[in-house]
Amino acid sequence: MTAIHTDAEKELKRGSFGYTDMQLYKFMFAYVKPYLKELSIILFLMISFSISTALGPVIIQTTIDRFSSEESLLFGNDFIDSIFLSLSQSLQNSFNVSLIWSEVIILGISYLLLQCLIFYLSYKRIIMVTEVGMKAELTIRLELFSHLQELDMSYHDKNEVGRIMSRLTGDVNAIREMIGGQVVNNFANFLTVITILYFILRYDPVLTLVPLSLIPIVIFIGLLSKKFARPRRKETRRTNSIMMANIGEAIAGIKVTKGANREPENVKIFRDLNNQNFNASVRADSMNAIFFPLMLAMQTLGVALIFYVGGLRVISGAITIGTLTAFLFYNSILFRPVVLLGQFYQQLQDALTGAERALALFDTKTKIPIKPESPQLPLIKGEVIFDHIYFEYEKNQPIYDKFSLYVPAGKTIALVGKTGAGKSTIINLLSRMYDFQDGELLIDNHNIKDMNLNSFRSQIAVVPQDFFLFSNSIKLNLKLGNPRATEEEMWNALDMVGLKSFVKNMSEGLDTKLQERGGRLSVGQRQLLVFAAVLLADPRILILDEATSSIDVFSELKIQKSIQLLLKNRTSFIIAHRLSTIRNADTIIVIDDGQIIEQGTHDELISQKGDYYDLVKNQIELSSINR
Ligand SMILES: Nc1ncnc2c1ncn2[C@@H]1O[C@H](COP(=O)(O)OP(=O)(O)OP(=O)(O)O)[C@@H](O)[C@H]1O
Ligand SMILES: [Mg+2]
């Protein structure tokens, strides 16, 4: 099993990309900018919510104080008083109850209505906030995905699939939290706390000191618990990503596992990882077991203190019983937002971390730009000149230095050489998967770096060593060659590579999905299907990295025939392993350690009795042993 790289282990610290917080806020703001209208509605909903919430205890206080008062209730506002009086009088007359009862009933109904309003306001707000956040998330994720598709091979070489996936899920999620979740909701909490403080301060500044002195303690406990919980959470994430990587690798390598009878060992490894993740989760969640009861205790302490201080104030006549009750209610409402406010800082940091990593990815530019504004490459004949090319994958480790090669249009070049000699690298450069650092690559005398890349790519076809078929229909895979190909052309191409009757017999013909039942192809058939796609593409330059896997003699013959068909009428570069393909090439180039060591036709090179001669001799001996 190869080493497991985990995302968490390689996670970079916040700030390591060198962005200022302002840049990050700007970056995130760009995604909510289209929703300014919604945001202003959300703000309005928040303010209404805070005020409504703070009004609830006012009704309670009024109701309670009404019992100890002889006179009818007056609010001091002419308009409200007149409505209230006429309502309560009509209630009194129609049901024949006392004035105080009708007034209390109206207050009760108002309280009920107010609670419905509060419910509606927070429901509406959560829906809208979530929607804005999700829309923003949708956009960010799509943009990140498109960006990842465009990034060059040199980026993808260095970043494992798992890491990229976490960018697209974890980081984006963190940003959504910022613009559509906790952070926005916390702003509502903040407003609520402020509004309630304003209300209670007006009731009684002295009694306000009780909750006011508890707030910092609660926030402090919140911060402290986050501080302790954070490394534990991080450990959970780390063990989780190791576990996920292990699952991924175990499933991807299931064939090897079965072949090597490694199932029990894999289960044992997984059991350990699974247990580690379990232990980490338990440790992380145990923090909640301390935190929440502690918070509850603080809340109860608040109740006790309000009773004590408030009771004294009631006795001295400074406040009413109603006010004392209102304070008890405020105490319980106040606690949740304050606790959540304590977590605000950490949430903000998480969101900024996500934003930072996403922004860094956006700022990773492709080294091989498409250059849509550059001149289009006209229809080429296919003359290729490598002129003093210098290339390295890793800094200061040159694979090629001053590599030069002239290939006339329409010729077939076979590249041969030991493994690791640099054959695939040449075609990587020609197909512009990687950019060379120095020298020139000329196609029909056009410097390829100055041309529109799409106009070049549309005239070449590359069949890599480890070619890949999408788990979609045969039709879609053929269209990779030529998006405009008709069904008739597809059947023609399939016929030429000898796959026609095979595909005809499949359950859904061209629409048969690969990977699904009936769509399983053998290694040889897969290769022939790729060849059919190349025929449809009809490229001016063909690049073929011949797969080394040996296949049955019958398919082998079909493939050999198809390859000859593919090579006709175009410039072709083949990294060949089959002697038949090599022998038919116009020029054979023997590469070793980034150098052309021999060059010529088969007969010329055989008569030289050099490396090529040895290579062929070995291959003939090998194939006779295999037989
Ligand atoms: N993506 C990469 N990043 C860094 N080094 C690479 C990369 N691809 C290849 N190399 C290195 O470049 C050298 C040439 O590799 P290349 O793939 O061109 O060999 P090759 O001749 O195609 O071999 P094979 O016959 O095994 O396919 C090797 O030393 C290899 O380790
Ligand atoms: Mg190779």
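I began with the open sheet of 4 strands, where the order reads β2-β1-β4-β5 and the pairing is antiparallel. At its edges I found β2 (398–407) and β5 (446–447), each with a single partner strand, so one side of each has no neighbour in the sheet.

A note on what I am reading: this is a predicted model, in which local features need pLDDT of at least 70 and side-chain atom pairs count only at pLDDT 80 or more, while totals for chains, interfaces and linings use all residues. Residues are numbered from 1 along each chain as its sequence is written, and chains are lettered from A and ligands numbered from 1 in the order in which they are written.

My terms: helices (H or I, at least four residues) and strands (E, at least two) are DSSP runs, numbered from the N terminus. Two strands pair if DSSP finds at least two bridges between them.

Next I looked at β4 (residues 438–443), which pairs with β5 in the antiparallel sense over 2 bridges. Here I443 stands opposite H446 in β5.

Then I turned to the open sheet of 6 strands, ordered β6-β7-β8-β3-β9-β10 with mixed pairing. Its edges are β6 (460–463) and β10 (595–600); each has a single partner strand, so one side of each is left without a neighbour in the sheet. Neighbouring strands of this sheet are turned by 15 degrees against each other on average, direction ignored (axes are lines fitted to C-alpha atoms, for helices over the stretch in contact, and angles run from 0 to 180 degrees between N-to-C directions).

I also checked β6 and β7 (residues 541–545), which run parallel and are joined by 4 bridges. V462 stands opposite I543 in β7.
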